[in-house]
Amino acid sequence: MEFDSIITHNDLDGIVSAAICSSVFGIDRIKFAGPNNIANAEITITSNDIVCDLPYPLECGLWFDHHEGNLEELRYRNIDVDDIPGKFDLQPSCARVIFNYFNEQRDLPEYFDELVRETDIIDSFQYASLEDWQRETPAKIIDSTIRLQTEPYKQKLNYLRKLIFLLRDNPIQQVIEFDEILQRYQNYLQEEENILQIIRRNSNFLEQDKSREIIILDLSGFSRPPRIIKNLAYLLYPEALCVLEIRPIFRRQIKTTDLGISLSLSINLNNSELSHDSGEIMRELNLGDGHAGAAGGTIRSKNKAEMLKNKTKIINEIFKLWQNQK
């Protein structure tokens, strides 16, 4: 099989997925996309493309993924996943899906073993505490350099392409010795401390939420939406099962009185007898849509006073529906 390009997600899992595919097929042309780019058909994708760690785009040469929400979407559209070239599997990472798929067919570089093993941990957020998260491992250092926020977008994409080829051709222990990697890592550590402060200062629980199950991460007071790592909230509040994030909506760079709202379930629910569906909550309140594990919507208001009133009302209604789902 011959392919022209790899289209992948711009996180560590997408980077490692692309590195493996590039190694197998000798592809140097890399494009980056997010789930919304695929859902809105913003990128031209043909049978000459390999798509990794993203929703199925209806046409491609090979598709690799591991997100249960994307599988639900295929079922909703009456598409049989077994008819799609490539591989879908509920693994901790898409990189693991790709590694297993090709490792059965050919000998992959031995250094991919460690890289994929660490990617499993990072992408499935298998961390018991903040200290566990902050422990330095080779892939954790690489992941941190990807999360760095203070740089132009095109510069970031150039770095990601370079990183794919470094990880394709070198053991990860050698990759982290490059000066650019080390400098980016140090810059990220400074950013992470700011992220943790933002989460601490803007998180709370409803008074009636005695078990502290839903973290309310309210970022609506910011004049510009901060870029954070939402999963870190679970490490600061390990008892929580869900993050309810509220963000201001901007149009033409002007802050409006509308709010974006999202629900994301913790992996802690995998070990719980509780059964919750974020998408069902959004649909029932007529806010938006989504899947069981994550959903989003919009709270619309005519003015600030109405926005504050609506925000409080919706938060309480979400908690009530959450309780009713038990």
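1. At what angle do helix 7 and helix 10 pack, and how far apart are their axes? In this predicted model, helix 7 (residues 138-147) meets helix 10 (residues 179-201) at about 70°, and the axes lie 8 Å apart. The two helices are therefore roughly perpendicular to each other. From helix 7 the contact uses Ile141, Ile142, Ser144, Thr145 and Arg147, and from helix 10 it uses Ile181, Arg184, Tyr185, Tyr188 and Glu191. Sorted by class, that contact has five nonpolar, two polar and three charged residues.

2. A word on conventions, since you will want the cut-offs. The model is predicted, so local features need pLDDT of at least 70 and side-chain atom pairs count only at pLDDT 80 or more, while totals for chains, interfaces and linings use all residues. Residues are numbered from 1 along each chain as its sequence is written, and side-chain values use heavy atoms, with hydrogens and water left out. Helices (H or I, at least four residues) and strands (E, at least two) are DSSP runs numbered from the N terminus. Contact means heavy atoms within 4.5 Å. Axes are lines fitted to C-alpha atoms, for helices over the stretch in contact, and angles run from 0 to 180 degrees between N-to-C directions. Angles under 35 degrees count as roughly parallel, over 145 as roughly antiparallel, 65 to 115 as roughly perpendicular and the rest as oblique. For the classes, Ala, Val, Leu, Ile, Met, Phe, Trp, Tyr, Cys and Pro are nonpolar, Asp, Glu, Lys and Arg are charged, and the others, Gly among them, are polar.

3. Five strands make an open sheet in the order 2-1-3-4-5, with parallel pairing (two strands pair if DSSP finds at least two bridges between them). Strand 2 (30-33) and strand 5 (86-88) are its edges, each pairing on one side only. From one strand to the next the twist averages 20°. Strand 3 (residues 49-52) and strand 4 (residues 62-65) run parallel and are joined by three bridges, and Val51 stands opposite Trp63 in strand 4.

4. Two helices pack on this sheet. Helix 1 (residues 12-25) touches strand 1 (5-9), strand 2, strand 3 and strand 4, and its direction makes about 165° with that of strand 1. Helix 4 (residues 94-103) touches strand 3, strand 4 and strand 5, at about 125° to the direction of strand 4.

5. Six strands form an open sheet with mixed pairing, in the order 6-7-8-9-11-10. Strand 8 and strand 9 run antiparallel over nine bridges, with Arg247 opposite Gly260 in strand 9. These two strands form a hairpin with two residues between them, and Arg252 in the turn has a positive phi of about 55°.

6. Helix 13 (residues 304-324) lies across strand 7 (214-218), strand 8 (242-251), strand 9 (254-265) and strand 11, at about 10° to strand 9.

7. On a 1 Å grid over the protein atoms alone, a cavity is a set of points where a 1.4 Å probe fits but cannot get out; a pocket is an open set with protein on both sides within 12 Å along at least five of seven lines; lining residues have an atom within 4 Å of a point. Grid points are joined across faces, edges and corners, and a volume is the space filled by probe spheres set on the points. Leu206, Asp209, Ile214, Ile216, Leu244, Ile315, Ile318 and Phe319 line the largest cavity. Helix 13 gives the most to this lining, with three residues, and the classes are seven nonpolar, no polar and one charged.

8. The second largest pocket has a volume of about 160 Å³. Its lining consists of Glu72, Glu73, Tyr76, Arg283, Asp289, Gly290 and His291, of which helix 3 supplies the largest share, three residues. By class the lining has one nonpolar, two polar and four charged residues.
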